[in-house]
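Have a look at the sequence and structure first, then read on.

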Amino acid sequence: MEKDVNVAIIGFGTVGSGLVKLFEKNRPRGINLKVIIVKNLNKKRKVAFSNLSSDVKEAIENQGIDIVVELAGGCNPALEYILSSIKNGKHVVTANKAVISEHGMEIFSAAERHNVNIGFEGAVAGAIPIINPLLEQLSFGEIRSITGILNGTTNFILTRMSEGMDYSTALKIAQEKGFAEADPAFDVSGKDAAQKISILASLAFRKWIRPEDVHCEGITEITPTDIGYAKDLGYAVKLLASAKKTSAGDISMKVNPALIRNDHHLAKVNEEFNAILIEGTPFDEYFNVGKGAGEGPTAFSVYYDVLKIADMIRSKKTRKIIFDGPGTKIADHKKVRTEGYLRLYLSHFPGALYNALGVLVRHKWNVKSSIQRGGMDNEVIFDGVKCLPNIITHEPLEFGTIQQTLQELESLETDKGKPVHGKPFYMRIEN
Ligand code: HSE
């Protein structure tokens, strides 16, 4: 007779509740959920479980437990829980993107030394299978690039804004729906997506890449005006996370809002959905879409890992996750060439457009389209000066040149006053 596999969960929040529901509904044969570790035994909970404990040793030091599911979140004390569980010979499943992106190397090498398995499918993109495919089937291919929509909150906000809702209302609804992090600044700044793309890139390129290596721009400066002009030009606006091998052999790591062609796979991904596009040989393209946040989608991936590791325990298999590095050469984002979209608020006086174009000409911008519409609906007043938005798209330029141009536009002065008001706003165009 096969030995039963016993599971302990640390943390009984959103994902923990979803996991308990899955255990109760499916009653997986030979896998027993023994104990859930909580901070507060007296807290009222939406889902009941018969054996709660406030002593984490009941999970990490309990001889009868085979798999510890860490759902405490954050790095501290989650890292300690994971490393202690591993040292005690336990297999670990986690949905914690912070601890994996910051401490993955340490966790995987501890797991290898102690001959145990780590599952972290729930750490990136909720229900979308991506960690296991990268560790298994896709690892036999040669990956050139990963491009994804990896944050549900920002995708939800951009979807609502494209229908005319303002940013703050859309963010509030995303919070109410439970998509956002405890501090939503983490979502809208792009940091959440940076942690996730650093994990995916590390697995794809087999060298550890840290979240700090990711050039990060968020969505807070995007306005409905930008989304409207992007639509007119045939693009959707998305927060993209990408990891791409460059021709120089290094890896460009970015999170940034971008205009993507309406007929691109990723342009059609709306609401809180996440999506991942992987390009490489010989498989060409791997594209997957699913819900990236919330109780059900994340619990589903955690549950899959528990079942998979239970099978590996029974067949006495371990999956080693081994990396070189750190030491990956990360591309200098200033040197990466890109097309883009620029929105300027130009003073409505003679010569303002000429002054602004002078800066672009100095930096050798090759303009593709330029749109300026007059009329009351488009006017914005800055410091008592009537301004109109001017939208420019251009042929590829080095990002460093673009940044320099934006600075010069912002500080431009003439004897008639400032031709450009507010901060020039720029987004890349991904074709
Ligand atoms: N706040 C995250 C998101 C949750 O919006 O995608 C899943 O990591």
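Predicted model: local features only at pLDDT ≥ 70, side-chain atom pairs only at ≥ 80, totals over all residues.

A polar side-chain atom of Glu-181 sits 2.6 Å from a nitrogen atom of the ligand, a polar contact in the sense of two N or O atoms within 3.5 Å. Residues are numbered from 1 along each chain as its sequence is written, and side-chain values use heavy atoms, with hydrogens and water left out.

**Around the ligand**

- Thr-153 also takes part, with a polar side-chain atom 2.6 Å from an oxygen atom of the ligand.
- Phe-179 contributes through its backbone: one of its polar backbone atoms is 2.8 Å from a nitrogen atom of the ligand.
- The shell around the ligand includes Lys-97, Asn-151, Asp-187, Asp-192 and Lys-196; a residue belongs there if one of its heavy atoms lies within 4 Å of the ligand.
- By type, the shell has five charged, four polar and three nonpolar residues, where Asp, Glu, Lys and Arg count as charged, Ala, Val, Leu, Ile, Met, Phe, Trp, Tyr, Cys and Pro as nonpolar, and the others, Gly among them, as polar.
- Helix 6 (152–162) and helix 9 (191–205) each provide at least two shell residues; helices are DSSP runs of H or I with at least four residues, strands are E runs of at least two, and numbering starts from the N terminus.

**Helix packing**

- Helix 4 (residues 97–113) packs against helix 9 at an angle of about 55°, with the axes 9 Å apart; axes are lines fitted to C-alpha atoms over the stretch in contact, and angles run from 0 to 180 degrees between N-to-C directions.
- Helix 4 and helix 9 are therefore oblique to each other, a label for angles that are not under 35 degrees (roughly parallel), over 145 (roughly antiparallel) or 65 to 115 (roughly perpendicular).

**Backbone spots to look at**

- Most residues other than glycine have a negative phi, and most peptide bonds are trans.
- Ala-125, in the loop between strand 6 (118–119) and helix 5 (131–135), has a positive phi of about 60° although it is not a glycine.
- The peptide bond from Asn-76 to Pro-77 is cis, with omega near 10°.
- Thr-281 and Pro-282 are joined by a cis peptide bond with omega about -5°.

Note on methods:
Polar contact = N/O pair within 3.5 Å; in protein donor to acceptor, adjacent residues only side chain to side chain.
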